Amino acid sequence: MLIVGPHLSTSKGFLAAAKEAVAIEANTFQFFSRNPRGGASKDIDIDDFNAYLTYSKEHNIITPLCHAPYTLNPCSNKEETREFAVQCFEEDLEKLSIFNGICYNFHPGSHVGQGEEIGITKTIEVLNKVMKEEMSVTVLLETMSGKGTEIGKTFEELKRIIDGVKYNKNLGVCLDTCHVFCAGYDIKNHLDDVLDEFDKVIGLDKLKAIHLNDTFNDFNTHKDHHQKLGEGFIGKEAFINIINNPRLKNIPMYLETPNEDAGWKEEIAFLKANI
Ligand code: FE
Ligand code: FE
Ligand code: ZN
C-alpha cells in the first residue's frame, strides 16, 4: 500500500490536519512539533487528540511523522543552542509518546565551521542524553544535502552517528530525495545502486521514512531547494521508480513540495495512478 501525505500545519489541531489529509486523498501527513523557527512547546489538546484518533481510525489515516524545528542544532558551537536541542528533544519526545509508534525526524545539524568530526561528536553527545533504552518514539536522522556546514550528507556520517549512540535501537533514518540527489546519490538513474549502498553502510532496516521532493538544483550541487514532483531535476520517472521499488514499498512517504492542498492532491493522484 502506498502511504503518502504532505507536510501540514497542526495549528488548528490534529483533527483538522487529518481531515485536510483525507480531503486530498492522503493517508498520512507530517507536522512540526513546534514553530520551525523556534519557540516554546505547546501542549497537545487531549480532546482534539482523541477526536483525531477516532477520525483517523475511521478514515485509515496512518500515524503521522513529526519534524523537529529547524533551530534545533545539536552540533552548534554555542552551548546554549546545544542545551536547547536537548530540551527540545526531551519535551517533544515526552509529548509525542501519546502517539502509538510515531517517528520524530530531525536534521543532524550544522557544524558551523568546527568540522565534521566535532559536529558528529556533538550530535552524538546530544542523542546520548535523550535516547533511552526503552522509548516509544523512533528518532530519525534526515539525510541532508550538505549545504553550508551540514552534517548527515553521506550515509557514512549517519552511520557514525548511529554507532556512537548507546541506545540506538530507536534511531533510524529518513531519506529525503531532494537532499540525497543534491548530496551526490543518483536516485534518478541508479536507484538500486543507492539502495544497495544504503543497505551496505547503514542497513535498510533503519530506513523508516522518505521525504518525496523534486529539486530546483542539479545532481551533486549540495543545495536544498525543493521543487514540485516532476518539475525539477529528479523528474517524474524517478518518482514512479521510487514508489514501485520493492525495497521501499512499505515505507511512508511525505511530500515537502512547494504546494498547497490542490497541488498535493494532484501529486498524490499522480503517485496513485502510477503504482
Ligand atoms: Fe527536514
Ligand atoms: Fe526533508
Ligand atoms: Zn530540504
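# Metal sites, salt bridges and cores in a predicted model

Glu134 is exposed, with a relative accessible area of 61%; buried means under 20% relative accessible area, exposed over 50% and partly exposed in between, with a 1.4 Å probe and protein chains only. The structure is a predicted model, in which local features need pLDDT of at least 70 and side-chain atom pairs count only at pLDDT 80 or more, while totals for chains, interfaces and linings use all residues. Residues are numbered from 1 along each chain as its sequence is written, chains are lettered from A and ligands numbered from 1 in the order in which they are written, and side-chain values use heavy atoms, with hydrogens and water left out.

**Metal sites**

- Glu142 (OE), Asp176 (OD), His211 (ND1) and Glu256 (OE) coordinate the iron ion (ligand 2) at 2.0 to 2.2 Å. Donors are N, O and S atoms within 2.8 Å of the metal (3.2 Å for Na, K and Ca), and sites may look incomplete because water is not among the atoms.
- The arrangement around the iron ion (ligand 2) is irregular because its four donor atoms subtend angles of 84 to 172°. Four donors count as tetrahedral if all angles lie between 85 and 135 degrees; four count as square planar and six as octahedral if opposite donors are over 155 degrees apart and all others between 65 and 115; anything else is irregular.
- Along the sequence, the donor residues of the iron ion (ligand 2) have the spacing E-x33-D-x34-H-x44-E.
- Glu142 coordinates both the iron ion (ligand 2) and the iron ion (ligand 1), which are 3.3 Å apart.
- Asp176 in strand β6 (residues 171–176) and His211 in strand β7 (residues 207–212) are 35 residues apart, and this pair links distant parts of the chain. Helices (H or I, at least four residues) and strands (E, at least two) are DSSP runs, numbered from the N terminus.
- Asp176 is buried, with a relative accessible area of 0%, and His211 is also buried, at 0%.
- The zinc ion (ligand 3) is 5.3 Å from the iron ion (ligand 1).
- Asp224 counts as partly exposed at 26% relative accessibility, whereas His226 is buried at 16%.

**Salt bridges**

- Side chains of opposite charge can pair when their charged atoms come close. The structure holds twelve salt bridges, each a side-chain nitrogen of Lys or Arg within 4 Å of a carboxyl oxygen of Asp or Glu.
- Glu134 and Lys169 form a salt bridge at 3.6 Å, N to O. This pair links distant parts of the chain, 35 residues apart: Glu134 is in the loop between α4 (116–130) and β5 (138–142), and Lys169 is in the loop between α5 (155–164) and β6.
- Lys169 counts as exposed, at 57% relative accessibility.
- Lys147 lies in the loop between β5 and α5 and Asp224 in the loop between β8 (214–215) and β9 (226–227), so the pair ties together parts 77 residues apart in sequence.
- Arg247 forms a salt bridge with Asp196, with the closest N and O atoms 2.9 Å apart. Arg247 is in the loop between α8 (236–244) and β10 (253–255), and Asp196 is in helix α7 (residues 191–201), 51 residues apart.
- Arg34, Glu91 and Asp92 are joined into one network by salt bridges that share partners.

**Nonpolar cores**

- The largest nonpolar core has 79 residues, of which Phe29, Phe89, Tyr104, Leu127, Val139, Leu212 and Leu271 touch the most other members. Such a core is a set of buried Ala, Val, Leu, Ile, Met, Phe, Trp, Tyr and Cys residues joined through side-chain atoms within 4.5 Å.
- Helix α3 (residues 79–96) gives the most to this core, with six residues.
- A second, separate core of six residues includes Leu65, Cys103, Cys174 and Tyr254.
- Beyond its neighbours within four places in sequence, Phe89 is in contact with Leu72, Tyr104, Phe106, Val126, Leu127, Val130 and Val139; contact means heavy atoms within 4.5 Å.

**Thr28**

- Thr28 lies in the loop between α1 (14–23) and β2 (30–32) and counts as buried at 0% relative accessibility.
- The side chain of Thr28 reaches the backbone oxygen of Ile62 at 3.1 Å and that of Thr63 at 3.3 Å.
- Leaving aside neighbours within four places in sequence, the contacts of Thr28 include Ile3, Val4, Met253 and Tyr254.

How values were computed
A polar contact is a pair of N or O atoms within 3.5 Å; within protein, one must be able to donate a hydrogen and the other to accept it, and residues adjacent in sequence count only if both atoms are side-chain atoms.
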